[in-house]
Structures are given as C-alpha cells and as structure tokens.
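Okay, thanks everyone, let me put this one up on the screen. I'll take a few minutes to walk through it.

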Amino acid sequence: MKTLLTLAFLVFGYGISAQNIDFNTKKGFVVEGFDVVSYFNNTPEKGKDKFVSTYKGGTFKFASQSHLEAFNKNPEMYIPQYGGYCAYAIAAKGEKVSIDPETYEIRDGKLYLFYNSWGINTLKSWLDESPEALKLKADKNWKHIDKH
C-alpha cells in the first residue's frame, strides 16, 4: 500500500511540474520572439529563426547558439514571470495584457515585462506603486489566472 501511495504521489507530482504555462505568444513566440536570455545582459534583442526551443508549451527564439544553450540548461531562470504578460496588469487588475518587449525589469533574478503604448507605461506605475507589494499581488492573481 505504501508503495502504491508513493507511486501515485510521484505520478501526480510529475504531472504538476510538467504542466504547460499559459504563455503570451503574440507573434507566435513567447515575448514576441525576443531572446529571453538577452534581457539578463541588459540588451533585449530579437531572436533568430535558427535558434528555437520549446518549454512548457511555449516556443522561444534566441539571438545566438550560446543563449539557446544557456536557456536549455536552466529554462526556469529565464522564462518571464506571469507567462510574459504585463506584470502590472496581472497585479492591479488580474488581467492578461500584452506587453512591449522592450519595457522590462529584472527583479530578484526574474524577468518582468510591461505594457508601454499610447502614453501608458506600466513599468513606471509598477515602480511608483511599490513593486514588492504588486509582485505579491501578481503572484496570487497568477495562480488563478494561469489555470483558466
């Protein structure tokens, strides 16, 4: 019986960790085809068609073979928070909103993306309104949003 319970836990646990993420795939790729590794070098750049990887249901492009390899070694380090949707909108409204791939913040080693168009820059709002409090609210909201 104990072995059966252990096996059930392993299967169930694997199913949870293998679940896909609801990525924002505008233009067919996560982060509109921008190289998620490049953000951590503070130089966001568009990925190339020859450097592509998939992870948890999302397709990612990279600017170089070395960025592709870095991602494949540790994808959790590079994937954008909240599936690549606007972090501020997830926190403030609990809604999925598209992003400007060049409006971002690296906070605590994680990539956060923001909407920036028509005179509205949600990164500015994020920074003005307490990023730590908004991050906690977004984390809570994302648990419910990502399941729908």
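I'll start with confidence, then go to one helix, and finish with a few loop residues.

So, this is a predicted model. The mean pLDDT of the protein chain is 89, with 86% of its residues at 70 or more. Where pLDDT is low, the predicted coordinates should not be read in detail.

Now have a look at α6, which runs over residues 131–145. How far apart are its end C-alpha atoms? They are 20 Å apart, and because 15 residues at 1.5 Å a residue should span 21 Å, the two values agree.

Which residues of α6 are buried? The list is Pro131, Leu134, Lys135, Ala138, Asn141, Trp142 and Ile145. You can see the pattern in the spacing: an α-helix has 3.6 residues a turn, so residues three or four places apart point the same way. Turn to the other side of α6 and you get Leu136, Lys140, Lys143 and His144, which are exposed. And what does the buried side pack against? The partners of the buried α6 residues are α4, β3 (100–107), β4 (110–114) and α5 (122–128).

Val31 is in the loop between α1 (2–17) and β1 (48–55). Val31 isn't a glycine, yet its phi is positive, about 55 degrees. Is Val31 buried or exposed? Its relative accessibility is 2%, and since the cut-off for buried is under 20%, Val31 counts as buried.

The other one is Tyr82, in the loop between α3 (75–78) and α4 (87–92). Here again we have a residue other than glycine with a positive phi, this time near 60 degrees. Tyr82 has 4% relative accessibility, so it counts as buried too.

Last stop is Ser64, in the loop between β2 (58–62) and α2 (65–73). What does the Ser64 side chain reach? It makes a polar contact of 3.1 Å with the side chain of Ser66, and it reaches the backbone nitrogen of His67 at 3.2 Å. Leaving aside neighbours within four places in sequence, Ser64 is in contact with Asp35 and Phe51.

How values were computed: Residues numbered from 1 in each chain as written. Predicted model: local features only at pLDDT ≥ 70, side-chain atom pairs only at ≥ 80, totals over all residues. Heavy atoms only, no water. Helix = DSSP H or I, 4+ residues; strand = E, 2+ residues; numbered from the N terminus. Polar contact = N/O pair within 3.5 Å; in protein donor to acceptor, adjacent residues only side chain to side chain. Contact = heavy atoms within 4.5 Å. Buried < 20%, exposed > 50% of the residue type's maximum accessible area, 1.4 Å probe, protein only. pLDDT = per-residue confidence, 0-100. Expected span 1.5 Å × (residues − 1).
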